[in-house]
Amino acid sequence: ERKGPPPTPETQRKIERILKIAESHAAIGRIIEPPGSSALDAYQTILDLDPESPEARSGIAEALRVCEQEARNEWENAELQRAGELIELCLSFKPNHPGLKQFQAELKAQGKYRTRSIPDSITEQTESDRGLGIY
């Protein structure tokens, strides 16, 4: 049952358009990257418009599952910095994601957690893009 008011018809049309963009990004493998132009970003934009969107919630959950798997694959291939970067990127969308937090903690405990911080300009770009209505 919906807790808040449903989106207006205009917002619903925008959500449907962004959902198609998210699906297109996912279809070509742009699930979590590049920042600002991925399925994950599009689903987050939908949640910004409708926090109760089941499609966005499901899409984000799937994107974060993929992100965790990709980070684990990078770690297994000794790409420690890339694994850390993926973890940081995805935690920026859901800071308390249990699988990513656990993997991050495991790597830190082993002294194998490497990352470059995601430049603020990427985060600012993503937030700026959403504000400009790129989607």
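Does E68 count as buried or exposed, and at what relative accessibility? In this predicted model, E68 counts as buried, at 17% relative accessibility, because burial is assigned under 20% relative accessible area. The side chain of E68 meets that of R72 in a salt bridge, with an N to O distance of 3.3 Å. R72 is partly exposed, with a relative accessible area of 22%. Together with E106, E68 and R72 are linked in a network of salt bridges.

A search of the whole structure finds five salt bridges. One of them joins E62 to R65, whose closest N and O atoms are 2.6 Å apart. These residues are also placed about one helical turn from each other, being three residues apart in helix 3. E62 is partly exposed, with a relative accessible area of 38%, and R65 counts as partly exposed at 45% relative accessibility.

A further salt bridge is formed by the side chains of R2 and D50 (3.0 Å, N to O). R2 belongs to the segment before helix 1 and D50 to the loop between helix 2 and helix 3, so the pair ties together parts that are 48 residues apart in sequence. R2 is partly exposed, with a relative accessible area of 32%, whereas D50 is buried, with a relative accessible area of 7%.

Helix 5 spans residues 98-109. Its 12 residues reach 16 Å from the first C-alpha to the last, close to the 16 Å expected at 1.5 Å a residue. The buried residues of helix 5 are G99, L100, F103, Q104 and L107. They cover an arc of only 130 degrees around the axis and therefore lie on the same side of helix 5. This buried side packs against helix 3 (54-76) and helix 4 (80-91), while the face turned away from it carries the exposed residues P98 and A109. Helix 5 is followed by G111, whose phi is positive, near 70 degrees.

The largest nonpolar core has 27 residues. Two or more residues are given to this core by each of helix 1 (9-27), helix 2 (39-49), helix 3, helix 4 and helix 5. The residues with the most contacts inside the core are I32, L40, Y43, I46 and I87. Leaving aside residues up to four places away in sequence, I87 touches A71, L100, F103, Q104, L107 and Y113.

Conventions: Residues are numbered from 1 along each chain as its sequence is written. This is a predicted model: local features need pLDDT of at least 70, side-chain atom pairs count only at pLDDT 80 or more; totals for chains, interfaces and linings use all residues. Side-chain values use heavy atoms; hydrogens and water are left out. Helices (H or I, at least four residues) and strands (E, at least two) are DSSP runs, numbered from the N terminus. The expected span of a helix is 1.5 Å times one less than its number of residues. Buried means under 20% relative accessible area, exposed over 50%, partly exposed in between (1.4 Å probe, protein chains only). The arc is that of the directions from the helix axis to the C-beta atoms. Contact means heavy atoms within 4.5 Å. A nonpolar core is a set of buried Ala, Val, Leu, Ile, Met, Phe, Trp, Tyr and Cys residues joined through side-chain atoms within 4.5 Å. A salt bridge is a side-chain nitrogen of Lys or Arg within 4 Å of a carboxyl oxygen of Asp or Glu.
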